[in-house]
Amino acid sequence: MAGQSSYSRLAGDDEAAMISGSEDYDTKKLRLLGYRPQLKRNLSLLSNFSVTFSIVSVLTGITTLYGTGLEFGGPATMVYGWPIAGTFTVIVGLAIAEICSAYPTSGGLYFWSAKLCSERRWGPFASWLTGCLLVLFPVSMYHSCVLNTTALLPCPVSPDPSHNATPARSPPAHGAMTFSKSPAGSGGSGGGITAVDVDRSGDSGQARLNELGYKQELKRDLSLLSNFAFSFTIISVLTGVTTLYNTGLNYGGPVTMTFGWFVAGAFTMTVGLSMAEICSSFPTSGGLYYWSARLSGNRWAPFASWITGWFNIVGQWAVTTSVDYSLAQLIQVIILLSTGGANGGGYLASKYVVIAFHAAILLSHAIINSLPISWLSFFGQFAAAWNMLGVFVLMIAVPTVATERASAKFVFTHFNTDNSAGIHSNLYIFVLGLLMSQYTLTGYDASAHMTEETKNADRNGPIGIISAIGISIVVGWGYILGITFAVKDIPSLLSPDNDAGGYAIAQVFYQAFKSRYGSGVGGIVCLGIVAVAIYFCGMSSVTSNSRMAYAFSRDGAMPLSSVWHKVNKHEVPINAVWLSAFISLCMALPSLGSLVAFQAMVSIATIGLYIAYALPIFFRVTLARKYFVPGPFNLGRYGVVVGWVAVLWVATITVLFSLPVTYPVTKDTLNYTPVAVGGLFILVLASWIFSARHWFKGPVTNLGG
């Protein structure tokens, strides 16, 4: 691409810039630590991952110690112990990754010990002790990870006395450096490269935001953990699996849920990886619609941005609607069971009471999202911990308490074809059952929409996306297994005549405790754990919605844009928060007239949102294939291949989830998903043709404002 240089990492270290203007960021950082590069730096992210993944090697570890697992606890220890050990291992890995980012040297652990001692006199001893442990116990996988990340052998040099070996952490001087910048409205095709002075905050994400044509308006206070927490909480396996467990049981049952989860998870990861790569290059709150504008070229940028933006924001509103309405329905079931159940004269709230629950939940979410971002960060991290621990509690407690449990053969091989939908094709049934998994694994674009509030967002945003998906896949599978081991009679769980009124998971929880203790109170408490998780899911969804609305209105794409992109004294887009809550309430109102109409609307939550995910990826692998400039996180030469797999998967599920779910097809059984998604497309396209094409120019810079 003529006239455009590669995107540097923009660390903002004055010392690094003074050492050598021609060296890359990693070399500068290494020199700051007192070493010169000697090994060839040629490993991509995938190569680095491959080395560590090969050393972890589940085939090696499980094969060699499978006898130990069988001897001490057997299947239960191995099945449930795996995600427990895995979760705490992820915590260790996250802590090590944070330190590695500050000190990227081949010495790794022993170097970190020396640098992190609060008392300098303990540095040599700490380094010696850590190094000896590494030599004595060479099984350290993390050491290998760090070595291959930096591809550098420590070689002491005599640094300039004016430079301390520890990188500077204080904010550098204002206006000390200029960066090449493409105007926000450029299609990324190489035109319009200018130089612009940016605020030297010392944050690579903020520097990159300035490069992209935007000034910092939101408070940048989120860590990597907080960014991850928002996406993980919105994905929320407790929310998705619980609310659509009936669908999984009805269409295929255990086999569809157990193995279909990994099918959907694997392809979802390709979508997430492609989005993460683009997010690293363009870390803005606008996310998907901004990416489409930059990747589609000058000619198509406004139209691509318009289509992507409206599918994204309407899809997000539909997600919030479906999540909070699902919580309202779960509260309805909890009240029913708490008052005696459907067979014991329990109180079943009317649809008007349910919509009142929905409104109250949205009101509370709007109030919480009006708080400063530091509070939201705390709630987000707490929510992520609640989701994680909640899964472990339920997946262990429910099958343990149940007096009758399913066999492993049932959980892993039983394929339920006994449905009332009139569908007999096994493949068709399996495909329809995937909806539970695919609906759950949605909403991880939140990490992209929170990038303008995330520190070093060009790195932490992408990591937030892929870690949220990856951990959700592992944790979600454990939850599905745990609950399914407590399933014995599928028809009875789906029957509207049971105590929970046909709400399958609620009946599983309630019956498990009632069969052992004579009371289903424990099951109701378990439903309370799920309800709290769903509440946090909705809270984070409103957060993501509001940031998208803020960014979209900042670029003038929404009616009354000047109102919605205003921020308050806490640097929160307060008007966008309340707008998102209000629209989500309005989208639930059709449930008062027809659940069919409501289900058609919320179907946009899956298909509409995934179309928005796929559009910028499609532009990246087609129109922008030759000029896309990656950020710190990139897939290297595999980016195009992974991108095409992601696009084809979205095209596939768009068709599959538009197929009829019940035969014969009538006005009451018709799958209205294509009607809803097609209707949205027609509205967005018509608004473009008759109005927006005359005034909407795509993302615009606000640096001069």
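Buried means under 20% relative accessible area and exposed means over 50%, with partly exposed in between. This is a predicted model, and in it Lys514 comes out at 33% relative accessibility, so Lys514 counts as partly exposed. Its salt-bridge partner is Asp499, with the closest N and O atoms 3.9 Å apart. The two sit 15 residues apart in sequence, Asp499 in the loop between helix H22 (490-494) and helix H23 (504-517) and Lys514 in helix H23. Asp499 has a relative accessible area of 10%, so that end of the pair is buried.

## The other salt bridges

The whole structure has four salt bridges. One of them joins Glu452 to Arg554, where the closest N and O atoms are 2.8 Å apart. That pair links distant parts of the chain: Glu452 is in the loop between helix H20 (446-449) and helix H21 (457-484), while Arg554 is 102 residues away in helix H24 (residues 521-554). Glu452 is buried at 0% relative accessibility, and Arg554 is buried too, at 9%.

Another salt bridge pairs Arg547 with Glu453, at 2.9 Å between the closest N and O atoms. Here Arg547 belongs to helix H24 and Glu453 to the loop between H20 and H21, so parts 94 residues apart in sequence get tied together. Both residues are buried.

## Nonpolar cores

The largest nonpolar core has 145 residues, and Tyr245, Val271, Trp291, Tyr479 and Phe509 have the most contacts inside it. Helix H15 (residues 297-338) is the top contributor, giving 18 residues to this core. There's also a second, separate core of 10 residues, including Leu376, Ala383, Met450 and Met539.

Helix H19 (residues 426-440) has 15 residues, which at 1.5 Å a residue should span 21 Å; the end C-alpha atoms are 22 Å apart, so the numbers agree. Since 12 of its 15 residues are buried, H19 is largely enclosed by the rest of the structure. Helix H6 (residues 109-116) has Leu109, Phe111 and Trp112 as its buried residues. Seen down the H6 axis, they fall within an arc of 155°, so they line one face of the helix.

Over in helix H28 (residues 607-621) you'll find Arg620, which is buried at 7% relative accessibility. Not counting residues up to four places away in sequence, Arg620 touches Glu277, Ile278, Leu295, Arg625, Phe628, Gly639 and Val640.

Conventions
Residues numbered from 1 in each chain as written. Predicted model: local features only at pLDDT ≥ 70, side-chain atom pairs only at ≥ 80, totals over all residues. Heavy atoms only, no water. Helix = DSSP H or I, 4+ residues; strand = E, 2+ residues; numbered from the N terminus. Expected span 1.5 Å × (residues − 1). Buried < 20%, exposed > 50% of the residue type's maximum accessible area, 1.4 Å probe, protein only. Core = buried A, V, L, I, M, F, W, Y, C linked by side-chain atoms within 4.5 Å. Contact = heavy atoms within 4.5 Å. Arc of directions from axis to C-beta. Salt bridge = Lys/Arg side-chain N within 4 Å of Asp/Glu carboxyl O.
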